[in-house]
Amino acid sequence: MKPETPHPSRFARHLLPQGEKGWSRRALLGSTLALAACDRFASAEPTPLSVPPLKSLAPCPFGTAIKAMQIDDPDWATLARANISQLTPEWEMKMEYILADGLDRPRFDRSDRIAAFAEANGMALHGHTLIWYAQGEEAFSGLDGAEFDRAFDGYIAALAGRYRGRARSWDVVNEPILDDGSGLRDCHWSRRYGHDGYILRAFERARLADPNAVLFLNEYNQESVPAKGAQFLKLVERLLKAGCPLQGLGLQSHLWIDIKEGAIAAFMRQVAQFGLPIHVSELDCTLRSDNKLDFRSQADRITRQTARVSELAEAFMTLPETQRFAFTVWGLRDTDSFYRQGGMDDGRDKPLPFDSFSRPNPMAAALAAAFQT
Ligand code: G3I
């Protein structure tokens with residue numbers, strides 16, 4: 001079953017002048033919004049913006065999703081080397097790729113290539129993802145109980161073990177909560193081990209496979225669907241009480257422009273109370289909405305987008321240093337976005353920090369300003 005996509009939108013590039021002493025936060029933010037208005041006067045081609053390398057401003061590793069084929073794209077590689085200090089495989093470290101030829105013929109060629117690129121470029125590697133409701137059902141179908149257990153444990157041992165000492169961290173379990181927050185998803189894993197059971201088993205097996213990697217639970221829409229956020233907090237509390245080796249909390253942060261002001265910061269405060277490292281793990285912010293009668297201008301959408309992205313990054317900055325694990329965008333350039341897959345976008349959506357020519361979008365300037373708070 002294809003995972004639900006959080007939300008669709010569109011975006012436009014904007015450019016800012018450098019300040020005398022580099023890029024002051026006020027200059028970055030102020031100009032971001034001022035240039036957002038340029039969109040209304042399409043003839044005004046703003047002057048080029050140059051935001052400092054985001055990895056130099058972030059208070060922790062600054063990451064991006066990566067597809068192996070992007071390593072062969074010189075523009076992508078140049079942009080990544082300049083801005084990125086951590087990588088998350090977008091899809092080739094998942095069962096859909098690794099088990100495409102079956103359980104007995106796992107494919108690690110592309111995850112190996114991504115790991116090698118990370119090491120060659122001094123970037124950390126965040127493994128994504130070991131167990132996900134959305135994948136693996138076909139490969140595991142037809143297995144009886146003991147075979148299923150051997151395959152479940154064996155898969156985690158093989159994959160997390162393969163990158164032992166090379167992966168900084170793992171999304172051990174991805175998206176266990178129902179979109180409406182009413183409970184945990186039923187899936188092939190929960191049918192065998194129970195809703196909490198498969199999560200506990202996955203973490204315990206991951207701990208055995210790599211005792212030093214930081215082990216994360218990763219989820220989306222905790223900030224924008226209150227019931228889902230509440231369910232996430234309850235799940236974390238239950239897992240910790242059960243002795244689960246859960247060591248980090250992933251807030252995917254697939255944002256959109258109409259999230260209620262303050263909701264993102266409020267959830268960050270709530271989730272921080274566990275004292276665990278937090279990973280903003282998949283940030284993008286689409287400008288489109290589901291409302292077919294949404295005639296707002298690009299400039300208006302950009303203003304709202306930079307406000308939500310700033311709220312997230314500023315809330316992240318209020319965390320104690322020990323809890324600022326990493327800050328990852330789900331792609332670098334608008335054309336790298338998963339929103340461009342499967343026709344979800346009319347070609348104008350701009351959900352990522354850089355435009356299709358690798359030029360900083362207002363989102364990049366907003367992140368840079370927030371990281372300097
Ligand atoms: O590149 C191949 C192409 O060669 C092949 O012809 C085609 C047909 O199968 O597949 C292409 O690969 C696709 C891949 O994205 C690269 O575009 C896979 O089918 C497709 O399943 C994969 O989708 C990924 C999706 O997760 C499922 O794994 C998206 O890129 C990725 O952005 C998305 O990421 C998820 C996170 O893991 C969890 N949070 C939500 C997020 C967005 O849905």
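A residue is called buried here when its relative accessible area is under 20%, exposed when that area is over 50%, and partly exposed in between, as computed with a 1.4 Å probe on the protein chains only. The structure is a predicted model, in which local features need pLDDT of at least 70 and side-chain atom pairs count only at pLDDT 80 or more, whereas totals for chains, interfaces and linings use all residues. Residues are numbered from 1 along each chain as its sequence is written, and side-chain values use heavy atoms, with hydrogens and water left out.

With a relative accessible area of 5%, Glu-175 therefore counts as buried. Helices (H or I, at least four residues) and strands (E, at least two) are DSSP runs numbered from the N terminus, and in these terms Glu-175 belongs to the loop between strand 4 and helix 8. Its backbone has a positive phi of about 55 degrees, although Glu-175 is not a glycine. Most residues other than glycine have a negative phi, and most peptide bonds are trans.

The ligand is surrounded by 17 residues, of which Glu-90, Lys-94, Glu-96, His-128 and Glu-282 are the closest; a residue is taken as near if one of its heavy atoms lies within 4 Å. By class, this shell holds four nonpolar, six polar and seven charged residues, with Ala, Val, Leu, Ile, Met, Phe, Trp, Tyr, Cys and Pro counted as nonpolar, Asp, Glu, Lys and Arg as charged, and the others, Gly among them, as polar.

From His-128 the chain continues through a cis peptide bond to Thr-129, with omega near -10 degrees, and Thr-129 lies in strand 3. Strand 3 (124–132) is one of the elements against which the buried residues of helix 7 pack, and strand 4 (169–174) and helix 9 (195–209) are also among them. The buried residues of helix 7 are Phe-148, Asp-149, Ala-151, Phe-152, Asp-153, Tyr-155, Ile-156, Leu-159 and Ala-160. The expected span of a helix is 1.5 Å times one less than its number of residues, so the 18 residues of helix 7 (residues 145–162) should span 26 Å, which agrees with the 25 Å between its end C-alpha atoms.

In strand 8 (residues 278–286) one finds His-279, which counts as buried because its relative accessibility is 0%. Its side chain makes a polar contact of 2.7 Å with the side chain of Thr-328; a polar contact is a pair of N or O atoms within 3.5 Å, and within protein one must be able to donate a hydrogen and the other to accept it, while residues adjacent in sequence count only if both atoms are side-chain atoms.

Thr-335, in the loop between strand 9 (324–329) and helix 13 (362–371), is partly exposed because its relative accessibility is 37%.

Notes. Contact = heavy atoms within 4.5 Å.
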